[in-house]
Amino acid sequence: MANLGMELRFARRYFLGRKSTQAIQLISWVSVLAIAVGTAALIIVLSVFNGFEDLVKSLYSSFYPALRVTPQHGPMFQVTPQQLQAIRQMRGISAVSETIETKASIRYNDRQMIAIVKGVDSAYERVTGVKDKLVQGAYTLGSAELPGAVIGIGIASALGVDLQNPLYPLLVYVPNPHVETFLNPEQALRVGSLMPQGIFAIQEEFDDKYVITRIDALRQLLLWPQDAVSALEVSVHDRASLPELTRQIQNILGAGVVVKTRYEQNETLYQVMQTEKWVVYALLSFILVIAAFNMIGALSMLVIDKRHDIAILQAMGATGGLIQRIFLATGLWIAFMGAAIGVCLALVLCIGQQRYGWIKLGGHSFVIDAYPVSLKAQDFILVVLTVAIIAALASYLPAYRAGRQQLDLKSLRA
């Protein structure tokens with residue numbers, strides 16, 4: 001520890017002390033500045049990626065449940081009341097919703113399009129956050145005699161849905177499963193009528209595709225059995241173990257179903273987001289590599305400038321290893337000073353962006369106005385470690401050469 005303190009004192013003196021030429025001082029500070037810019041850029045970009053990742057997760061969590069049970073084969077599976085009760089009583093489960101999904105042709109007034117009609121029960125609003133994403137109307141699914149519908153804003157815009165006009169219901173056309181030939185259109189299709197009650201806006205993937213209605217109305221339209229569902233959607237408590245709950249649900253329902261977490265339901269999306277983040281991290285790390293070349297030049301010139309000091313240290317019995325560690329510590333001193341400035345700069349910019357939204361997103365169609373930022377401790381640790389590794393590698397060669405030199409104090413004086 002004593003030697004380490006001495007090496008750090010030498011490193012501080014060599015960096016901040018006077019040099020024989022101003023060029024060495026200038027190159028040293030340019031190295032600090034380059035490392036500071038690279039550090040700040042890395043932290044800011046990683047924080048913006050974190051912000052977008054958190055935003056996407058929050059949007060998807062408004063529609064996708066924590067756990068979703070679907071059939072391995074076919075559009076539906078049957079679940080008994082006893083099985084449902086067993087799942088609802090599991091420790092860690094907060095709500096279970098039965099749902100049915102089917103593609104259908106929907107018509108409003110004189111406009112028509114293809115959409116996904118989703119039938120849900122009363123527990124659905126406790127499983128997802130669709131109710132909180134309404135932009136017009138109310139989350140009301142009507143009654144069994146007059147079922148209502150909550151529509152994505154993209155569908156509502158395409159069909160020209162007017163919630164204030166009760167004269168035009170939303171007509172839903174689905175294939176009749178009991179018809180063998182489709183030559184007669186009236187017999188080939190079954191028609192249901194839904195009254196638009198609300199419009200939600202989450203994300204285009206949902207807004208342009210989904211119509212939500214009562215599960216009993218859709219089950220009757222499709223002529224499905226009373227215990228048939230397309231999926232069970234499950235919400236869990238914050239500290240619940242998803243792997244354990246997945247295993248228990250699988251045991252209750254058997255091998256004919258698949259249980260997926262929210263991550264597994266959108267695995268490709270999350271993997272793409274992580275890949276993009278680490279590719280950008282690797283590319284921006286080259287800024288620090290470029291800064292390392294400045295460090296190599298600054299340390300090499302510093303070794304030449306401090307030849308007299310090296311000779312004195314050797315005359316006092318200093319080993320080559322000690323001299324090497326002194327100049328290695330000097331390189332790390334430069335790096336960590338630049339990293340400290342970069343971290344402070346990144347904190348100021350990121351916190352300012354969080355509070356004031358300095359940099360805006362282009363256009364007005366996104367759910368937020370400014371670039372989202374999320375600061376995470378692991379990103380700061382990663383960036384500082386990256387700086388330390390690059391600085392150590394860049395400092396090694398000049399430090400090694402300094403330690404290998406054998407200088408004569410008399411010749412230097414002459």
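Helix axes here are lines fitted to C-alpha atoms over the stretch in contact, and angles run from 0 to 180 degrees between N-to-C directions. Helices are DSSP runs (H or I, at least four residues), numbered from the N terminus.

This is a predicted model, in which local features need pLDDT of at least 70 and side-chain atom pairs count only at pLDDT 80 or more, while totals for chains, interfaces and linings use all residues. Residues are numbered from 1 along each chain as its sequence is written, and side-chain values use heavy atoms, with hydrogens and water left out.

**Helix pairs**

| Pair | Axis distance | Angle |
|---|---|---|
| α11 and α13 | within 11 Å | roughly 140° |
| α13 and α14 | 8 Å | about 150° |
| α3 and α9 | within 10 Å | roughly 165° |

Angles under 35 degrees count as roughly parallel, over 145 as roughly antiparallel, 65 to 115 as roughly perpendicular and the rest as oblique. α11 and α13 are therefore oblique to each other. Their crossing is right-handed (the near helix is turned clockwise from the far one by less than a right angle).

Contact means heavy atoms within 4.5 Å. From α11, M295, L299, L302 and V303 meet F327, T330, G331, I334 and A335 of α13. This contact has seven nonpolar, two polar and no charged residues. Nonpolar covers Ala, Val, Leu, Ile, Met, Phe, Trp, Tyr, Cys and Pro; charged covers Asp, Glu, Lys and Arg; the others, Gly among them, are polar.

α13 spans residues 320-356 and α14 residues 377-404; their axes lie at about 150°. That makes α13 roughly antiparallel to α14. α13 passes α14 in a right-handed crossing. Residues of α13 in this contact include F327, G331 and A335, and those of α14 include V387 and A391. The classes are 19 nonpolar, five polar and no charged residues.

α3 (residues 81-88) and α9 (residues 242-253) form another pair. They are therefore roughly antiparallel. Q83, A86 and I87 in α3 meet I249, I252 and L253 in α9. Five of these residues are nonpolar, one is polar and none is charged.

**The cavity**

A cavity is a set of points, on a 1 Å grid over the protein atoms alone, where a 1.4 Å probe fits but cannot get out; lining residues have an atom within 4 Å of a point. The structure holds one cavity of 30 Å³ or more. The largest cavity has about 50 Å³ of space. I35, L288, A292, M295, V387, I390 and A391 line the largest cavity. α11 and α14 each supply at least two of the lining residues. The lining has seven nonpolar, no polar and no charged residues.

Key
On a 1 Å grid over the protein atoms alone, a cavity is a set of points where a 1.4 Å probe fits but cannot get out, and a pocket is an open set with protein on both sides within 12 Å along at least five of seven lines; lining residues have an atom within 4 Å of a point. Grid points are joined across faces, edges and corners, and a volume is the space filled by probe spheres set on the points.
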